[in-house]
Amino acid sequence: MRIRIIALIAAAVLGVAACQSAGTKKTDSADVSKPGMTEMSPAEARPAVEAAYSQFIDVRTPEEFASGHAYRTKNIPLDELTANLDKLEKNEPVYLICESGTRSKKAAAILQQAGFPNTVSVTGGTAAWKAAGLPMAK
């Protein structure tokens, strides 16, 4: 019940953010250079990515993914993202994570160009997720 409430609150917050005028959105102090892209810390992203139908994509290589990844992520490597756009729901937020945050920002830009209106890059990537003590999987 608690997770459902958190997911509803997160969805409402994301919905309000999506309705704002186009431009850079921030949820923390980091600067975001692409319109429609948001950055969230692992702690901020966790409630949303734990929702039943969340899209939480790890854009690292399969080898990196196999060595350990944030819980509930699906692996779509950055170099295969464009070929796999049909696996993602365009009108739902897409949360992206890599090792440090660089590739997830590139992935967000690719998705923005492909017409995905709400992309979220997890700041600090898997390293920050793990350092925050959040659930990992192998």
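Visitor: Is F56 buried or exposed?

Guide: F56 counts as buried because its relative accessibility is 1%; buried means under 20% relative accessible area, exposed over 50% and partly exposed in between, with a 1.4 Å probe and protein chains only. W129 is buried too, also with a relative accessible area of 1%. This is a predicted model, in which local features need pLDDT of at least 70 and side-chain atom pairs count only at pLDDT 80 or more, while totals for chains, interfaces and linings use all residues. Residues are numbered from 1 along each chain as its sequence is written, and side-chain values use heavy atoms, with hydrogens and water left out.

Visitor: How many aromatic pairs are there?

Guide: Rings of Phe, Tyr and Trp (its six-membered ring) pair if their centres lie within 6.5 Å; planes under 30 degrees apart count as stacked, over 60 as edge-to-face and the rest as tilted. Here the count is one aromatic pair. The ring centres of F56 and W129 are 5.4 Å apart and the planes stand at 50°, so the pair is tilted.

Visitor: Which ring lies under the charged end of K90?

Guide: A charge sits over a ring if NZ of Lys or CZ of Arg is within 6 Å of the ring centre and within 35 degrees of the ring normal. The charged end of K90 sits over the ring of F116, 5.6 Å from its centre.

Visitor: What is L88 in contact with, beyond its neighbours within four places in sequence?

Guide: Contact means heavy atoms within 4.5 Å. The partners of L88 include I57, V94, L111 and F116.
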